[in-house]
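Welcome, and thanks for taking a look at this one with me. Please have the sequence and the 3D view open side by side as you read.

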Amino acid sequence: MGDLATYAFTGIGLVFFAAGSAGLLRFPDVFSRLHALTKADNLGLGFIALGTSFQAGSWRDVALLALIWGLMLLAAATVSQLIARDALRERDGE
Amino acid sequence: MTGPTLYALTGAALVGIGVFGLISARHLLRRVVAFNLIGSGLFVFLGAAGARGGAADPLPQALIITGIVVALSASALAVGLVVAHARASGRPALPEEDEEA
Amino acid sequence: MTLALDATLCGLIVAVALATVLGRGVFRAIVFFIVYGLLLSVAWVRLGAVDVALAEAAIGAGLTGVLFLAAVGKLARTGAEAEPAPGRPHLPAALACAGLTGALAWAWFALPEPERPGSDLAAALPRAGVENPVTAVLLNFRAWDTLLESIVLLAALVGLWLLARDEDWHDRLGLPQHVRPGGVMESFGRLLPPVGVLVGIYLVYIGADRPGGAFQGGTVLAAVGLVAALAGLIRTPRVTGHLWRAAMVVGPLVFLAAGVAGAALGAGFLTLPEPIAGGAIFAIEIALASSIAVTLAFLVIGPPERGHRR
Amino acid sequence: MTAWLSFVAVGVLASLGAALLRVWRGPGRADRMMGAQLAGTSGVAVLMLLAPVEGWAALDVALTLSLFGALAAVGFVKAVSADGGGDPEEDDEGIVEPPPAGGASDG
Amino acid sequence: MSALVAVLVLPLAGALATVALPGRAARIAASTAIAATLAAALALAAWVAARGVPRLEIGGWAPPVGIAVEADGLAAAMIVMTATVMAAAGLSARHMLAPGAAGARAAFGFWPLMLLLWAALNAVFVSRDLFNLYVGIELLSLAAIGLVAIEGKAAALAAAMRYMIFALAGSLLYLAGVVLVYAAHGALDAGLLTDRTPARTDGLALALMTVGLMAKTALFPFHVWLPPAHGGAPAPASAMLSALVPKASFVILLRLWFDVMPDQATEGALALMAALGTAAVIWGGLAALVQERLKLIVAYSTVAQIGYLFLVFPLAGGASAEMPWAAGAWNGAVFLALSHGLAKAAMFLAVGQWMAARGGDRLEDLRGIATAMPMTAFAFALSSITLVGLPPSGGFTAKYLIMTSAFAAGQWGWALVMAGGGLLAAAYLYRPVAVIFARAEVPDSPLPSRGRQVVPLILAGAAVALGIASAAPFDLLSTGRPQAAGEGL
């Protein structure tokens with residue numbers, strides 16, 4: 001049962017990562033790329049964390065997985081905001 | 001080809017790439033980056049050597065951690081020198097190698 | 001499948017290293033270098049060296065990357081950021097480097113099966129006072145290396161401070177940082193440090209038994225300070241701040257004092273008698289981690305610069 | 001299970017490789033930063049996938065990477081600001097001069 | 001034994017104190033550390049001379065688990081020479097780098113860097129562990145780079161940058177060799193490696209380490225960084241950089257080729273090293289002939305003098321190792337390193353005082369300075385005698401030993417290099433000596449006190465005394481000398 005969940009969730013996570021990368025490569029301009037990326041890869045990471053947690057031997061490891069995902073979300077939210085601002089400035093200023 | 005061999009060859013490649021970067025770059029910051037590539041390549045080689053025969057040997061790991069800290073110290077001083085030199089001379093390259101000057 | 005994983009990882013590492021060296025533009029090279037450090041720390045996990053992976057993630061990828069990024073910012077400020085014309089194509093140099101790689105590769109296959117000190121090390125480990133063998137090597141067996149290494153950090157920092165201009169000497173360290181009050185960067189700077197401090201202390205604390213230790217934990221603490229400084233929440237001190245200077249030397253000093261105490265008590269220089277070795281190592285690690293945190297943060301911030309009195 | 005997790009890890013590494021293509025191509029510095037951001041997320045994901053195989057200490061590495069990823073992101077933004085110490089959210093009045101051409105962006 | 005710990009610990013403790021304490025207290029701490037380390041160095045040499053080689057397994061862990069340090073005669077002699085030069089440089093720096101004279105920045109930085117440099121030198125001289133040596137030479141390089149950059153001008157920063165590139169490249173090459181050694185033998189201790197079963201990779205490892213250390217020693221063709229770096233620093237820093245820093249990597253080379261891996265020494269490699277030394281003697285001498293600034297003349301002379309040191313390799317290594325002339329060549333090279341260190345430091349300190357009085361170091365600026373400052377001029381002349389190799393100086397004894405052993409070995413060419421290099425040295429040192437002793441109108445300028453003028457004279461006198469009373473240093477050097485250079489002629 002736990003193994004099955006791991007297969008399923010990590011698989012879904014991989015699909016999101018693949019989608020994020022495809023978006024990053026194929027979308028035409030920086031803002032749509034940013035849009036695609038921040039959603040896809042953090043969802044992918046979430047699914048992978050969820051999938052891995054079914055293999056964890058202790059609640060400590062599960063908590064750690066959650067903490068890591070939370071940190072990545074926080075960083076991603078901040079960074080995409082700042083990158084977008086910078087991209088705007090870069091477009092206008094140069 | 002087993003795991004350690006793969007990593008040892010990667011380390012060897014990194015050393016070569018780093019030395020090439022060191023020789024070909026003019027921008028001093030890129031040279032400092034190249035030093036870091038060489039050093040980490042050597043560490044990967046050493047780590048692969050320590051991973052031969054199953055269990056990882058702790059001694060090379062300790063040496064590598066020491067090496068990483070030493071490399072950061074040297075990089076920090078080098079980066080400071082690059083910035084101070086660029087501020088004093090207006091260029092981020094050594095005078096004898098700076099063709100645009 | 002694990003071999004495919006190793007092969008993909010190694011291929012990516014080499015490709016990223018090549019991109020770092022060959023791509024035009026310093027900024028691009030540095031972005032690639034940061035990714036390189038990240039991949040390398042994954043590789044260390046695959047090699048079974050989690051202690052090294054932690055050090056690489058924190059120091060190799062993290063702090064070194066931020067150091068280079070900050071340098072790009074500072075070069076922009078000097079007006080000297082323009083890339084010099086790339087050198088002539090270096091065919092002989094490329095061949096020489098390929099030769100060097102070839103020589104190392106040959107050496108790998110020519111290596112004899114080693115008689116490792118592994119058995120001696122394993123025999124000594126129960127008397128080391130800690131369970132993590134890497135910590136035992138760093139803080140006990142090869143403590144002299146580690147003491148000198150903590151001094152290397154200090155030497156680099158003194159040398160770095162000397163690169164300040166005389167007229168800037170009494171200013172605060174590094175570039176002045178400013179952010180939009182209440183903006184995203186500022187709130188990020190408020191959210192991250194509490195988590196970071198906990199993680200740093202955790203890494204120092206577990207170092208005795210599990211991967212981690214003074215260098216990794218100290219680096220995380222340095223990162224916390226850097227985030228706070230970059231987000232404009234704290235102002236960097238001046239070189240004349242004696243409390244900070246004392247914090248820089250306390251780690252090496254405690255280490256050195258422990259060594260001399262061993263010599264004075266007849267046990268020998270840097271000898272930690274077995275019954276108290278665990279406690280002594282923990283004390284030294286705490287002092288070292290504090291000094292490492294302060295010194296590393298100052299190394300990345302750089303020498304004092306004018307502009308704080310804007 | 002080991003084979004499956006390794007397979008997923010290879011897949012995530014492949015998507016990381018694709019992100020690197022974006023770092024190489026640019027064109028703007030924002031694109032490069034995004035590529036690096038995805039590379040960081042992928043690296044953390046690979047470490048999570050390795051944890052059941054290599055031991056759960058790998059999560060400590062992932063945790064460290066996520067912290068330093070955040071620091072590096074702040075470093076990026078600072079490095080491309082006009083004076084090396086700014087914030088793209090600041091209004092342009094007084095403090096921030098237009099960013100200099102060349103050097104930092106080279107697409 | 002405790003003297004061995006003291007020479008390692010005291011400069012470190014002093015450095016930490018100078019970083020942590022405010023201005024005046026830092027200078028007092030520095031002076032205390034200098035005096036204490038000098039005393040410890042002398043005590044160590046006395047201990048070694050009386051009782052043999054002290055060995056310390058740090059932390060109580062024997063290799064291969066731990067790190068061992070040993071103070072053989074070579075280490076003890078280098079430590080005493082280092083202490084002498086450091087004490088002299090420290091005395092001179094008290095005035096030249098006082099906060100009023102040099103600014104708060106240089107006054108803060110000089111003392112910790114000097115003490116860290118000293119600690120690194122002592123650590124390198126006694127270390128028996130190849131990786132510990134790596135950490136030691138990195139500490140040495142970083143401290144030295146800081147001292148080169150201390151002037152803060154564009155030229156000094158460029159010189160420091162250039163030096164940094166060579167020093168880091170050299171360290172990494174050395175590290176590459178160490179990595180190969182550990183991968184092959186699982187050991188880093190010199191003693192364990194002497195008894196190893198040779199591996200096929202040993203030749204490559206030794207070659208990598210040697211090239212790296214050559215770059216750090218500034219042997220031709222890796223010398224380009226040295227003259228601007230040594231010529232641009234303040235005089236006390238130049239004295240340390242030129243007299244001491246290249247010696248550390250040279251001592252490691254001696255240990256590698258004569259102690260750790262003597263089995264790898266092929267005739268061709270040894271001859272190549274001496275040939276590079278010859279090129280350094282010629283190139284450094286010719287370049288010194290055409291310089292107009294006295295500090296650069298003195299710095300190029302270091303390039304040439306380093307060249308001599310490498311003649312030891314074919315005369316005492318490989319097939320020569322078992323021969324009776326090996327000991328003479330080995331002693332001669334170490335003697336040359338010692339007397340060059342003392343004489344070179346004396347020269348830089350003398351020039352520093354003249355620059356302070358005349359405002360520059362162009363030969364024109366210094367015309368007739370002997371009239372105003374006879375003691376320092378005499379020190380410069382005595383040092384010149386040592387560098388040229390005239391009796392009764394230490395330089396003469398060293399060259400005599402090397403030439404005798406070259407004749408005995410039938411390797412006449414190296415003797416010729418010695419003689420030719422001496423003539424070149426006489427030529428490039430004649431110009432400054434003639435200028436400073438020339439009769440000229442002496443401009444009225446404030447002079448340093450007699451107490452300060454006597455410092456270079458003491459160093460130069462010590463270099464000459466090495467030649468006059470060479471018996472005691474010889475006995476010291478033979479303590480724990482590697483088997484390869486065992487018996488004398």
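The numbered points below go through chains, contacts and helix pairs in turn.

1. A word before we start: this is a predicted model. Every value below was computed from the model, so local features are reported where pLDDT is at least 70.

2. Let's begin with chain C. Its secondary structure comes to 11 helices and 0 strands, and reading from the N terminus the elements run α-α-α-α-α-α-α-α-α-α-α. Along the principal axes, the C-alpha atoms of chain C fill a box of roughly 60 × 50 × 35 Å. Of the 310 residues in chain C, 63% are buried. If you take the contacts in chain C between residues at least 6 apart in sequence, 76% of them join residues at least 24 apart.

3. Chain C also has a domain assignment, which gives domain 1 (1–78) and domain 2 (126–310). The C-alpha centres of these two domains of chain C lie 23 Å apart. Where they meet, domain 1 of chain C brings 13 residues and domain 2 of chain C brings 15 residues. On the domain 1 side of that contact, you will find 9 nonpolar, 2 polar and 2 charged residues.

4. Now turn to chain B, with 3 helices and 0 strands, in the order α-α-α from the N terminus. What does its radius of gyration say about chain B? The value is 17 Å, well over the 13 Å that the globule rule gives for 101 residues, so chain B is more spread out than a compact globule. Its C-alpha atoms fill a box of roughly 55 × 25 × 15 Å along the principal axes. Even so, 79% of the 101 residues of chain B count as buried. Among contacts in chain B between residues at least 6 apart in sequence, 55% join residues at least 24 apart.

5. Which chains share the most contacts, of the 6 pairs of chains in contact? That pair is chains B and C. Their contact involves 74 residues of chain C and 65 residues of chain B. On the chain C side, the helices that each supply at least two residues are α1 (2–22), α2 (26–46), α3 (50–78), α4 (91–110), α5 (118–124), α6 (133–141), α7 (143–161) and α11 (274–301). Of these, α3(C) gives the most, with 14 residues. By class, the side of chain C that touches chain B has 51 nonpolar, 13 polar and 10 charged residues.

6. Chain B does not touch every other chain, and two pairs are worth a look. No contact joins chain A and chain B, and their closest C-alpha atoms lie 22 Å apart. Chain B and chain D have no contact either, with their closest C-alpha atoms 11 Å apart.

7. Chain A and chain D, on the other hand, do meet: 44 residues from chain A and 45 residues from chain D take part. On the chain A side, α1 (2–26), α2 (30–53) and α3 (59–93) each supply at least two residues. The largest share, 19 residues, comes from α3(A). The side of chain A that touches chain D divides into 24 nonpolar, 11 polar and 9 charged residues.

8. Next, a helix pair that spans two chains. α2(C) packs with helix α2 (residues 29–54) of chain D at an angle of about 0°, with the axes 10 Å apart. The two helices, α2(C) and α2(D), are therefore roughly parallel to each other. In this contact, residues of α2(C) including C:F27, C:V31, C:L38 and C:V45 meet residues of α2(D) including D:R29, D:A36, D:G43 and D:E54. The contact divides into 13 nonpolar, 2 polar and 4 charged residues.

9. Finally, a helix pair inside chain E. The axes of helix α3 (residues 73–96) and helix α15 (residues 326–358) of chain E come within 10 Å and cross at roughly 5°, which makes α3(E) roughly parallel to α15(E). Among the residues of α3(E) in this contact are E:L74, E:M81, E:V85 and E:M96, and among those of α15(E) are E:V334, E:L342, E:L349 and E:A356. By class, the contact of α3(E) with α15(E) has 13 nonpolar, 4 polar and no charged residues.

How values were computed
Residues numbered from 1 in each chain as written. Chains lettered and ligands numbered in written order. Predicted model: local features only at pLDDT ≥ 70, side-chain atom pairs only at ≥ 80, totals over all residues. Contact = placed C-beta atoms within 7 Å. Helix = DSSP H or I, 4+ residues; strand = E, 2+ residues; numbered from the N terminus. Nonpolar A, V, L, I, M, F, W, Y, C, P; charged D, E, K, R; others polar. Buried ≥ 20, exposed ≤ 12 C-beta atoms within 10 Å, placed from the backbone. Rg over C-alpha atoms; globule rule 2.2 N^0.38 Å. Axes fitted to C-alpha atoms, helices over the stretch in contact; angles between N-to-C directions. Parallel < 35°, antiparallel > 145°, perpendicular 65-115°, else oblique. Domains from an automatic or database assignment.
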